[in-house]
Amino acid sequence: MKSTNSVSQFSLFLIFVRRRENEVCQQKNSKKPKTIYLADLNVFSGIFITTKVEKLKAKAKEIRIELLKLIHKAKSGHPGGSLSATEIMVALFYHHMKYDAKKPDWPDRDRFILSKGHCTPVLYTVFADVGYFPKEELKTFRRLGRLTGHPNPKLPGVEIATGSLGQGLSAGHGMALAGKLDGKDYRVYVLLGDGELNEGSVWEAVMSAAQFKSDNLIAIVDNNRVAQDSITSKLKEVEPVDKKFEAFGWHAIRINGHDIPAIIDALEDAAEVKGKPTVIVADTIKGKGVSFMEGQNKWHGKAPNDEQLKQALEELNG
Amino acid sequence: MAKAATRDGYGNGLLKIGGNKDVVVLDAGVSDSTRSEKFKEKYPERFFNMGISEMDMVGTAAGFAKCGKIPFASSFASFLMGRTQDHQLVSVAYSESNVKLIASHAGVAIGEDGPTAQAVNDVGMARAMPTMIVIEPADAVEAEKVVEFLVGHKGPAYVRLGRPEVETIYDDSYKFKLGKASLLKGGGDAAIIASGIMVQESLKAAELLKNEGIEAAVVNMSSIKPIDEKAIVDAAKTGVLIAAQDHNIYGGLGDAVAAVIAKKTLDVKFDVVGIKDGFAESDSQEVLFKKYGMDSEAIANAVKKAVSQK
């Protein structure tokens, strides 16, 4: 944990250097400053970032394994959308977001809302690992207690209940507006599913956030292209997702949602955008990492049996 | 006697509490009708017009509440309640968000706009919402006092307001208490338990009955949930209870009173005045109340019938 802290401090320093570099670029109105000092740091930062990314990749693998064990033990839960969102969650909670799991009510914290609330396996696995609650409590997933099938705010780290799709973006926007009103610089991250975008209420919130120029609101679409019943294109096609958000007045970034450096870059870019909210459309694979779950709608909300778990863990470990 | 609509009491109440920096007001594009525009004029930085999107308004209000704000979110009862049930359940009630839903234009009484704007099932929906309190003030003064009360009450609330101007019953010394009814007129032969605009009709009914030698008490049950059980027990001593509501006979104040009668096994003749499981049409409040059996005469007739059966 200590090494992680020093790494993140150093990471912050490097981000600062990179930003300074950008400013110099902008001031000189040139492509790249030819300063040896900055170039040296850039090389160093490249090496460092590679290490950091490797650590985050390892964390994603660990989270995938643990969340599958969680669903297996509870004999119910949602593996598909948890596995597709794993890198996004890892980039947010192990790198990008400003929060303190020991002080979940810290007023200046960045807010996170899992609008696709059925993906508690990945949420709870990450929350326990970063220290919002004891790992021991994971045993109670989907049993009496705070680890309900869909999140509720009795659990530290959960800002608001979700589970009925289409509500998280409005709630997140309310938090973003409150932050502006209070002169705070926190940001609000809302993770949505592409199937969820069928809900009309999402687009009410999309219009509002553009209207209020809420640049402290960042929506991330886990665009795994598969919902409970079928592939999303056969239910109600939501593509082109990024173009739709752009047409509604948002800044849109489209990335591979399993590419950790791309996610980190997108989050950093989003933080720089002024005067409009940002959506990161993260193209992902439902059930990512487990061959028999990938792209399969039947693994939307089903627990693996003993044999299936064994195979899944072998694949993830292999 | 002065007249004012309960929605005007909301606008005035917002001005009284506006000094509290935690108060934010949201509206769904009808702020001139709900009277939340009064707040907008004085505190524009804390007023948020969410446009014609009630679900988004309720969800946004919940987000505000989760950051320590006290949001008042207003629209017409039909749309605010009818369209946002799921957001109320998940983002507000289950999330323990301190959101105040203020619904104007309730009931058949709004008249000419017709059934799509005449909310007649909203109280039933609000009562069934876990942890939500339900209040329907009888006049503008009470509405204003309710707004002041809500700032100090933690938890979700549904307040039902009307468009028509009604006689002002209370003066500024009135204090609203959650779960407390107020006896507006005594009477030993029967008791009418009413809320909102039906309090006015009930007072008129009591006058009609007096001419026929029947002394009917009138109870303002503005606190529909939690309801004042003691007031109902006391009123039942007359042997006749009539619940009067501008709402479907199912799900509203009448059902709430009936539940108390059953729970306390009260020995009374009981009936409900309201819209009888159907829809009204367009016309003035007076014409509709008469046609659909909700005016003072209909209330008086219900009382007389019950008294004759004692």
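In chain B, the domain assignment gives domain 1 (3-167) and domain 2 (182-308), with bounds that come from an automatic or database domain assignment. Taken over C-alpha atoms, the centres of domain 1 of chain B and domain 2 of chain B are 25 Å apart. To the contact between them, domain 1 of chain B brings 26 residues and domain 2 of chain B brings 31 residues; here two residues are in contact if their C-beta atoms, placed from the backbone, lie within 7 Å. On the domain 1 side, the elements giving two or more residues are α7 (122-128), β6 (133-135) and β8 (166-167) of chain B. Helices (H or I, at least four residues) and strands (E, at least two) are DSSP runs, numbered from the N terminus. By class, that side of domain 1 of chain B splits into 13 nonpolar, seven polar and six charged residues. For this count, Ala, Val, Leu, Ile, Met, Phe, Trp, Tyr, Cys and Pro are nonpolar, Asp, Glu, Lys and Arg are charged, and the others, Gly among them, are polar.

A word on the ground rules. This is a predicted model, in which local features need pLDDT of at least 70 and side-chain atom pairs count only at pLDDT 80 or more, while totals for chains, interfaces and linings use all residues. Residues are numbered from 1 along each chain as its sequence is written, and chains are lettered from A and ligands numbered from 1 in the order in which they are written.

Next, the contact between the chains. It takes 23 residues from chain B and 24 residues from chain A. On the chain B side, α4 (54-65) and α6 (85-94) of chain B are the elements that give two or more residues, and α4(B) supplies the largest share, eight residues. Sorted by class, the chain B side has nine nonpolar, eight polar and six charged residues.

Chain A holds eleven helices and five strands.

Strand β2 (residues 188-193) of chain A is largely enclosed by the rest of the structure, because six of its six residues are buried. A:V188, A:V190 and A:L192 cover one side of β2(A), and A:Y189, A:L191 and A:G193 the other. β2(A) runs parallel to strand β1 (residues 111-114) of chain A, with four bridges joining them; strands pair if DSSP finds at least two bridges between them. In this pairing A:L114 stands opposite A:L191.

Six bridges also join β2(A) to strand β3 (residues 217-223) of chain A, again in parallel, with A:V188 opposite A:L217. The chain gets from β2(A) to β3(A) through helix α7 (residues 200-211) of chain A in a right-handed β-α-β crossover. Right-handed here means that, with the strands pointing away from the viewer, the path from the first strand over the helix to the second runs clockwise.

β3(A) in turn runs parallel to β5(A), joined by six bridges, and A:A219 stands opposite A:V279. Strand β5 (residues 278-283) of chain A has six of its six residues buried. Strand β4 (residues 251-256) of chain A is parallel to β5(A) too, with six bridges, and A:I253 has A:I280 as its bridge partner. Together, β4(A), helix α10 (residues 260-272) of chain A and β5(A) form a right-handed β-α-β unit.

Terms used. A residue is buried if 20 or more other C-beta atoms lie within 10 Å of its own, exposed if 12 or fewer, and partly exposed in between; C-beta atoms are placed from the backbone.
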